[in-house]
Amino acid sequence: MRSETAVAIRLEDYAPAPYRISKLFLDVKLAPQATVVTAELHIERGNATKAGTPLELDGDGLELEGVQIDGFPADPAAITATPDKLVLHSPPADPFVLTIRTRVNPEANTQLMGLYRSSGTYCTQCEAEGFRRITYFLDRPDILSVYTTRIEARKSDAPILLGNGNPSEAGDIPGTDRHYAIWHDPFPKPSYLFALVGGDLAAVRDTFTTSSGRSVDLAIYVEHGRENWCDWAMDSLKRSMRWDEETFGLEYDLDVFNIVAVSDFNMGAMENKGLNIFNDKYVLADPQTATDQDYANVEAVIAHEYFHNWTGNRITCRDWFQLCLKEGLTVFRDQEFSSDMRSRPVKRISDVRLLKAHQFPEDAGPLAHPVRPRTYREINNFYTATVYEKGAEVVRMLKTLLGPDSFRAGMDLYFQRHDGEATTIEAFLACFAEAAGTDLDQFALWYEQAGTPLIKVDCTYSEENQELRLTLSQSIPPLPGQDETDPNVIPVRFGLLGEDGKDMDLVPTPASDVSGDMMVLKQRTQTFTLQNVQARPVLSLLRRFSAPVRLDFDQSKQDLLFLAQRDSDPFNRWQATQTLATRELIRLAGDARQDKALLPDVKLVDAFGETISDTTLDPAFRAQTLDLPSEADIARDLGKDVDPDAIHAARQALRKAIGLQHHSALIGAAQLDGEAFSPDAAAAGQRAFANRALSLLAVADEPGTAELLKTRFDMATNMTDRISALLMLVHNGLHGSEAALAAFLNRFQDTSLAMDKWFMVQATAPKEDAFDRITALTAHPLFDKTNPNRLRSLVQSFATGNPTQFSHASGRGFDFVADMVLEIDNRNPQVASRLLTSFRSWRALEENRAALAKQALLRISAEDDLSRDTRDIVDRCLQ
Ligand code: ARG
Ligand code: ZN
């Protein structure tokens, strides 16, 4: 591996390319170790480009076999070719055809970027900069070209040949064992959306008729034998297509839509035009091997990639700084889709949980960056929770502030005005400003400033004036490279609950910036006054989590308990319980550090009893309420001097108290209904509730619990129940866990998506003796380091899902992960650098652990042949 001194790329340096590539013809002769790619690029000089300006094409590790200009071999003196660049020193002044022949080795491609093989299938991943590993190109998203691709392979190797766009021709090559297929994509696209697939795959087919009556052939390609696991993905695809027509008026635009599932994939999935390529864990779903969460993920990721067809493909990004233009918007769209398919409040709760678990810590540590970064050294390190999840929150706030009608008008204008373009956040926002007749200059700060705003709340009630005064002050804590910030526009939805628990009418004074149930906070400090408030109300603030902020509000326990039971906003009912539990867990963690007895608050423990027995509530909602803030949540809220053992002890103590106090109610709640399996949200909610109840019983560990769990494991009729029973057995070290692990292995050893869960359960066990088991598992015959899913299931889930063992006081957890990062970095930099980000909150740890984490980081940093990806993360973690 080359050691790279990466240069910082800056948004402010953006300049259009001097040349355009209007169309290209690719001829790809697939062979395992020597695939020959002939690219015919139709190149035009930009209007402002002087004749003779050199043309510099990007490459990455390419082997050049030949270059022709307008059909004649290029003069070797007129070009410079290295594996990473092809320069034409003085290109023709008029449009010309540049033909480039390269040779690539798919089998040796362990980075899984460009053209590679996954279980014998040829496939590609080009976002962000993988196309340059196939041929020399202006590999940047503002170069839009019409692609025609001819793929050729041995018939026995690759009976299926797929490309972008529509199929236009296919046939055998007479006298050989080879065949070919030609695909034409009429929509100009950037190179990162290029894809091809060749392999021996089974197809599951269906059709979809668009709103204007066009018929689209749909297909999902999977390994033979997996055809029956595609029903849910296909169903999700058809629902996504219909939803985008109904919700945004967006119709599909090609004759075919193909999805291919592969088992070796660096990320979730990829929206290549007309040919989405997926990590198979987001396609395959079967009750015996997929959990309810897997079903929900398949639905969401299928939708996400499909929605990219308009937000990403028809309208793409001018440069990679604009990544959130497609990702934040598309995550928002897939969240809305799932909300419409499932319970909206429960979906909101789980999205906010995810945001707080992944994005908030990122935004509070050394890897913090604005939703639209201003600089990067390696773009692959910016496919982050901030770009995706906070990016979606920003779009959601836009809708909240403008209202649904203006939001939709802005979206319509965006599609109308920018279809076929590579554009920017400014252009996107301008559509909304224009459609709503408003100014979004201050709103744009959400894209510019890193860090989670903190809102300090001060609330005074005057009985005499019947007035409630709410003073909100916003600030962003200083971050590396960002000391001062300007105030954001923050929509704060709220309600005032009367004694009867009902929402009072909101009567703001004219000077208060309140519209409907929303305060619009624009200044650093702003006071909102509500009149005709007959009695001191209970304030419900930030309903539906209307902005990605933290609240500093000293609300009384009594008020929070009231909200937990009475708030008309289900999100805030859930939040009130979480807030109460967080406070209690922080108090208990403090006691644990001082070796005091851990005595959970009785009132709070009682309150959980009401959730357990309130059958009027949606079971999925009750499951969310019973799910206490995670150890990582508590660590994040503490923000400094974090002792993971104390947090773990505190959380166990509270869970145990709930399990003991409500034992019989939980036994009742843990019953399964015995109905036939269905993956729908209602049935999944029942299972979630029953298993959550069981998990509290497991911690309480009353006599008979281990037997109950083992029976649940043995009798499970689906993966959700089976894996949760296994996890409870293993994580609580209960009798029967070894037998259950062995039985699971025996049953699922040939099903890799199920085995990922087996590794994950062991990797996340919060136990002293788990560490030896985890290191031993790296030598297990089924532990394949070259498979990203398997690696994530053992090592990444250890680093992110096992705080007491990863941040172990001996430093062994840090060392183990650091060793893995170094080992993987040579082979797959993207996976290595992603794993390394698990160190991002190291400075918040108590000083001994922080020192050990720093040592591990310094050891990585001392390696001089790190990939650019890993170098970038380690440098930023240490900055
Ligand atoms: N665009 C893909 C998505 O749908 C993800 C691509 C990730 N690429 C990367 N280099 N990390 O979200
Ligand atoms: Zn995406």
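1. In this predicted model, strand β21, which spans residues 275-279, is largely enclosed by the rest of the structure, because 5 of its 5 residues are buried. A residue is called buried here if 20 or more other C-beta atoms lie within 10 Å of its own.

2. Strand β19 (residues 256-262) runs parallel to β21 and is joined to it by 5 bridges, whereas β20 pairs with β21 in the antiparallel sense over 2 bridges. Which residue of β21 is the bridge partner of V260? That residue is I277, and I277 is also the bridge partner of M270. Strands β20 and β21 form a hairpin with 4 residues between them, and G274, in the turn, has a positive phi of about 70°.

3. The shell includes M267, A269, M270, E271, H304, E305, H308 and E327, and both β20 (269-270) and α2 (292-307) supply at least two of the shell residues each. By class, the shell around ligand 1 divides into 5 nonpolar, 3 polar and 4 charged residues.

4. E127 and A128 also belong to the shell around ligand 1, and the peptide bond from E127 to A128 is cis, with omega near 0°. A128 lies in the loop between β11 (121-125) and β12 (145-154).

5. An unreviewed UniProt entry places the feature "domain: Peptidase M1 membrane alanine aminopeptidase" at residues 232-443.

6. D70, with phi near 50°, sits in the loop between β5 (63-69) and β6 (72-73), and D70 counts as exposed because it has 12 C-beta neighbours inside 10 Å. F545, with a positive phi of about 50°, is found in the loop between β31 (538-541) and β32 (550-552), but F545 counts as buried because it has 21 C-beta neighbours inside 10 Å.

7. Two packed helices are described by the angle between their axes and the distance between the axes. For helix α20 (residues 752-763) and helix α21 (residues 770-777), the axes come within 9 Å and cross at roughly 145°. In this contact, F759, Q762 and A763 of α20 meet A770, R773, I774 and L777 of α21, and by class the contact has 5 nonpolar, 1 polar and 1 charged residues.

Methods:
Residues numbered from 1 in each chain as written. Chains lettered and ligands numbered in written order. Predicted model: local features only at pLDDT ≥ 70, side-chain atom pairs only at ≥ 80, totals over all residues. UniProt positions renumbered as here; feature names shortened; annotations may be inferred. Near = placed C-beta within 6 Å. Nonpolar A, V, L, I, M, F, W, Y, C, P; charged D, E, K, R; others polar. Axes fitted to C-alpha atoms, helices over the stretch in contact; angles between N-to-C directions. Contact = placed C-beta atoms within 7 Å. Pairing = 2+ DSSP bridges.
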